[in-house]
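Trainee: I would like a close look at a single part of this model. Please take me through it step by step.

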Amino acid sequence: MKISKSIYLFFIPGFILYSIFFIYPTLSALFYSFTNWDGFSPSFQFVGLDNYSRAFTGDSIFIKSIGNNLQFMLVVVILQTMVALAFALIVLKNTKTTIFLRALYFFPTILSSVSVAFIWSFIYDPSLGILNQLLELAGLGFLAQNWLGNADMAIYSLAITQVWFHAGQMLIIFVAGLQAIPQDLYEVAKIEGASKWQTFRKVTWPLLAPSATIVVAYTTIQSFKAFDLVFAMTRGGPNNSTEIIATYIYEVAFRGFQFGYASAISVIFMVIIAIITFLQFKALRSDRISY
Amino acid sequence: MLFRKFSLAVYALLILIPLLVVVLTSVKTLQQTFANPLGIPEGGLQFNNYVNIFQEQTMAGYFMNSSIVTLFSVSLTLLFAAMIAYGITRLNNWFGNLLFLLFTLGMMVPAQVSMVPLYSLMLDLNLTNSLVGLILVNIATTLPIAVFILTGFMKTLPKELFEASTMDGAGNWKVFTTIVVPLSLPSLSATAIFLFVMHWNDLLYPLLFITDNAYKTLPLALLEFQGQYATNYPMLFTGVIIASAPMVVAYIFLQRFFVAGITAGAVKG
């Protein structure tokens, strides 16, 4: 069937905005990464690969921010996926209670990162915070500390906050995935006399792989994009111990006025995300079966 | 069984207690908070923080800015994305697929990658300190996810629908507005809620482009209260409650749609 050429007009408004405010800046990042532009001067020089070699050999904070980001990602991905899956298995059936609980667990997702940052800064506050007070009450006062001020602890404190923020959302994805598993498979497993663990291992888990792929991939990307939360809670401190790649780009560009160098880091950032996404899909795809 | 119930209760409390603390702290004075950070104070509760924050800050203005930016960002993203999704679905050829790929690739690129050149572009176009500027950037950056969700949905619509009405002489615009949009309402509403949460809560773009108080949105204003009030948590939490109120009210009434919408965004993003 012939379609009227007017169909092409439907692309125009979106495509124009997308080109100007997304494609063009993204490609410019690549261009500026080969320059020493400060972001304001009318002129700049091409410096070849200098920015890239500086990032990898002359900038310990950048290397540290990659490490922090990976650390943050690992803790969040593991903890969040486990919490979400464990609780999804409990609130799987639709009853009044489980529907209420799912809505409650999901609630933090609708808050802004800034709000969540304030709430958890208060929880972690060394003198006012709930956390230290609870530890005192439980007789574990020796564990009490400055959760965000301690350079060894801060990145984990942020990771816990991130899990509190988004685990409910992942839980819902798991519930949707679990509810889509055909019930007769469980009947069969029961008749065959499979144990609970065997049923989980042989029926639930393989069929859950697509949801797990989504949760892990999404959580990973989220932990690289956690700019708002980190920026509002620690600004990358203390001592750059919570500097992640995104906050470091902001620092270099808007505090250090090194747009060229910040662009080079942005490009590296994009490559890192592409590699991780690719590896994850490859790893998790192999676990998929169809039914 | 008991262990399961216990775990559910613990998780529920982990969500509820911080939220209750926020509400409670917002009706305490700073002195009461320092004296007894978690309990109910002796002197009784008061609502002065709410009065003060409106006096000390241009809260109504921030609220207005957030509303305008969110309203236009959500509705225009939705409109343009639905048009693109319809175009891709209708064409159903290499050109459509190429566009689809171009938009979906955009979902993988974090906003921080392009923020540096985007900032200088906005300066050149004179679009900093402007709500219009924020709206344009919001549309461009959330189009990918919206196109992705909506195209996925529209591809499931029966082709015969489009073809029959085209035969009846209806133009593309007519088919789009009278058939595709009404049939896509479930997907459109899910996407709308996803976009609503994203745009209402966004911090990065206001942080980059807005320095003038007259154009600040709630998340940015809130962030700057931190500089002003430091650890005056009663004031900070009053701000948190005011900034979150519309979202919380909407969530209570449209809970099912929220869960569906945000999950659609996640699953497809």
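How many residues does helix α10 of chain B have, and what does it reach from its first C-alpha to its last?

Mentor: Keep in mind that this is a predicted model. Helix α10 of chain B covers residues 185-201, which is 17 residues. From first C-alpha to last it reaches 24 Å. That is close to the 24 Å expected at 1.5 Å a residue.

Next, its surroundings. A residue counts as buried if 20 or more other C-beta atoms lie within 10 Å of its own. Twelve of the 17 residues of α10(B) are buried, so this helix is largely enclosed by the rest of the structure. Among them are B:Phe194, B:Leu195, B:Phe196 and B:Val197. B:Ser187, B:Thr191, B:His199 and B:Asn201 are also on the buried list.

Now step back to the chain. Chain B has 13 helices and zero strands. Its C-alpha trace spans about 75 × 60 × 30 Å along the principal axes. Of its 269 residues, 48% count as buried. Take the contacts in chain B with a separation of 6 or more: residues 24 or more positions apart account for 78% of them.

One helix pair shows the packing. The axes of α4 (residues 59-91) and α7 (residues 131-154) of chain B come within 6 Å. They cross at roughly 40°. The two helices are therefore oblique to each other. Their crossing is right-handed. The contact of α4(B) with α7(B) has 21 nonpolar and seven polar residues, and no charged ones.

Look next at the loop between α6 (111-124) and α7 of chain B, where B:Asn126 sits. Most residues other than glycine have a negative phi. B:Asn126 has a positive phi, near 60°, and is not glycine. This residue is exposed, with 9 other C-beta atoms within 10 Å. B:Asn129 lies in the loop between α6 and α7 too. Its phi is also positive, at about 50°. B:Asn129 has 16 C-beta neighbours inside 10 Å and counts as partly exposed.

Last, the partner chain. The contact takes 67 residues from chain B and 66 residues from chain A. On the chain B side, the largest share comes from helix α13 (residues 233-268), with 15 residues. By class, that side has 48 nonpolar, 16 polar and three charged residues.

Conventions. Residues numbered from 1 in each chain as written. Chains lettered and ligands numbered in written order. Predicted model: local features only at pLDDT ≥ 70, side-chain atom pairs only at ≥ 80, totals over all residues. Helix = DSSP H or I, 4+ residues; strand = E, 2+ residues; numbered from the N terminus. Expected span 1.5 Å × (residues − 1). Contact = placed C-beta atoms within 7 Å. Nonpolar A, V, L, I, M, F, W, Y, C, P; charged D, E, K, R; others polar. Axes fitted to C-alpha atoms, helices over the stretch in contact; angles between N-to-C directions. Parallel < 35°, antiparallel > 145°, perpendicular 65-115°, else oblique. Left-handed = near helix turned anticlockwise from the far one by under 90°.
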